[in-house]
Amino acid sequence: MCRKEHEMTLEQTIAAIRPLDEKSMAAARERFANIAMPLGGLGLLQDAIVQLAGVLGQPVPDISCRAAVVFCADNGVVAEGVTQCGQDITATVTENMGRGDSTVCLMAKHLKIDVFPVDIGVARKIQNEKVLQYNVRRGTADFAHEPAMTWDEAVKAIEIGINMAEMCAEKGYSLLIGGEMGIGNTTTSAAVTAALTGAPVAAVTGRGAGLSSEKLKHKIAVIEAALLLHRPNPHDPIDILHKVGGLDIAGLCGLYLGAAARRVPVVLDGVISCAAALLAARLCPQAVDFMVAAHRSDEPASVLLLEKLGKRPFLMAGMHLGEGTGAAAGVALLDLALAPYREMVSFADIGMEAYTPQK
């Protein structure tokens, strides 16, 4: 795949990321202080609206035009028996997504979110023309024995994510969701999380799609052995990605960086999304300012990843489906919070004194 003239490299993207618009954020805080509701009444949702104002440079942020970009990829580590089902499911769900039949597609329909499924690394060719074809390789290698991908493939996958953000910005989308689909990707995200944070593998590895306790122990052992074999550099996100990562995680990392460069806010999904977000943050710390945390996944790494990102999510509903479904739920809450922010009368309008902060 040749690079198109307008496509940005990873280095160019990082260099393009700038701070939030403080004037728009100050205007949003002032509006919240003057509309007829208790101070901070909308809690984390209120904070998110102020953040959106800063990202978009709009005191009243407009997120009505939004898209979900879902990266689909297979993981060679599935060969180690770390999942309940085979990797053929990845292609099946990816094709369902192309038909609009997956969970996130059905949720997105109700929220007026356009969905762009991307084949970034599915093991077999996808038979659906609505799935965007950017396959870097037909699934990663089994990282129990060799690096998941080459260094160049990791960078290429990140840059595909950047290009997806560019495409969405050019189409006029003002809010993005990152999603993923890939059997075995809770194994890769646990490996990436352990490598990035130094946390014990057992503390960041969950049951995925329902592993038994015995299978979970095996999954943990596979990841521990892989980290000992490859010794990824905890200070080098690309080294971690190419040794024990996944192509979907790399694509998400690029999407978050590309969105930040184009000043488009992104709503984070669950544990895989947050692992990608932490990779993006290690590549460019300022990228975190453009991320809104939607929910805390039921996977054990989720709490640690959100803590490292400095994010407090809106939802703790025990979700662990993936595809961007938790992020979609977060968008629904943002819509609800924006309604009174846009439309509510001020204290002056109703002849009431505004609330004032108390010491």
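Which residues line the second largest pocket? The answer is Leu44, Asp47, Ala48, Gln51, Val292, Ala293, Gly310, Lys311, Arg312 and Phe314. The model is predicted, so local features need pLDDT of at least 70 and side-chain atom pairs count only at pLDDT 80 or more, while totals for chains, interfaces and linings use all residues. Residues are numbered from 1 along each chain as its sequence is written, and side-chain values use heavy atoms, with hydrogens and water left out.

Pockets were found on a 1 Å grid over the protein atoms alone. A pocket is an open set of points with protein on both sides within 12 Å along at least five of seven lines. Lining residues have an atom within 4 Å of a point. Grid points are joined across faces, edges and corners, and a volume is the space filled by probe spheres (1.4 Å probe) set on the points.

The second largest pocket holds about 200 Å³ of space. Helix H3 (43-56) and strand E6 (291-293) each supply at least two residues of its lining. Helices (H or I, at least four residues) and strands (E, at least two) are DSSP runs, numbered from the N terminus. H3 gives the largest share, 4 residues. By class, this lining divides into 5 nonpolar, 2 polar and 3 charged residues. Here Ala, Val, Leu, Ile, Met, Phe, Trp, Tyr, Cys and Pro count as nonpolar, Asp, Glu, Lys and Arg as charged, and the others, Gly among them, as polar.

The largest pocket holds about 520 Å³. Its lining has 34 residues, and the closest to the pocket centre are Asn185, Thr186, Ala209, His320 and Leu321. At least two lining residues come from each of helix H4 (88-98), strand E4 (175-181), helix H7 (185-197), helix H12 (271-283) and helix H14 (325-343). The lining comprises 12 nonpolar, 16 polar and 6 charged residues.

Helix H4 also has a set of buried residues (under 20% relative accessible area, with exposed over 50% and partly exposed in between; 1.4 Å probe, protein chains only). They are Thr90, Ala91, Val93, Thr94, Glu95, Met97 and Gly98. Their cover includes strand E1 (66-73), helix H5 (103-111), strand E2 (113-121) and E4. Just after H4, Gly100 takes a positive phi of about 80°.

Two packed helices are described by the angle between their axes and the distance between the axes. Axes are lines fitted to C-alpha atoms, for helices over the stretch in contact, and angles run from 0 to 180 degrees between N-to-C directions. The axes of helix H10 (residues 237-244) and H12 come within 9 Å and cross at roughly 145°. Contact (heavy atoms within 4.5 Å) is made by Pro237, Ile238 and Leu241 of H10 and by Leu279, Arg282 and Leu283 of H12. These residues divide into 5 nonpolar, no polar and 1 charged.

The structure holds 8 salt bridges. A salt bridge is a side-chain nitrogen of Lys or Arg within 4 Å of a carboxyl oxygen of Asp or Glu. One of them joins Arg66 and Asp335 (2.6 Å, N to O). Arg66 lies in strand E1 and Asp335 in helix H14, so this pair ties together parts that are 269 residues apart in sequence. Arg66 is buried, at 7% relative accessible area, whereas Asp335 is partly exposed, at 26%.

Glu95 and Arg124 form another salt bridge (2.9 Å, N to O). Glu95 belongs to helix H4 and Arg124 to the loop between E2 and strand E3 (132-133), so the pair links parts 29 residues apart in sequence. Glu95 is buried, at 10%, and Arg124 is partly exposed, at 36%.

Arg137 and Glu153 also meet in a salt bridge (3.1 Å, N to O). Arg137 sits in the loop between E3 and helix H6 (151-170) and Glu153 in helix H6, so parts 16 residues apart in sequence are tied together. Salt bridges that share partners join Glu166, Glu170 and Arg262 into one network.

Most residues other than glycine have a negative phi. Arg231, not a glycine, has a positive phi of about 45°. Arg231 is in the loop between helix H9 (213-230) and H10, and is exposed at 61% relative accessibility. Arg263, also not a glycine, has a positive phi of about 60°. Arg263 is in the loop between helix H11 (247-261) and strand E5 (266-268), and is partly exposed at 27%.
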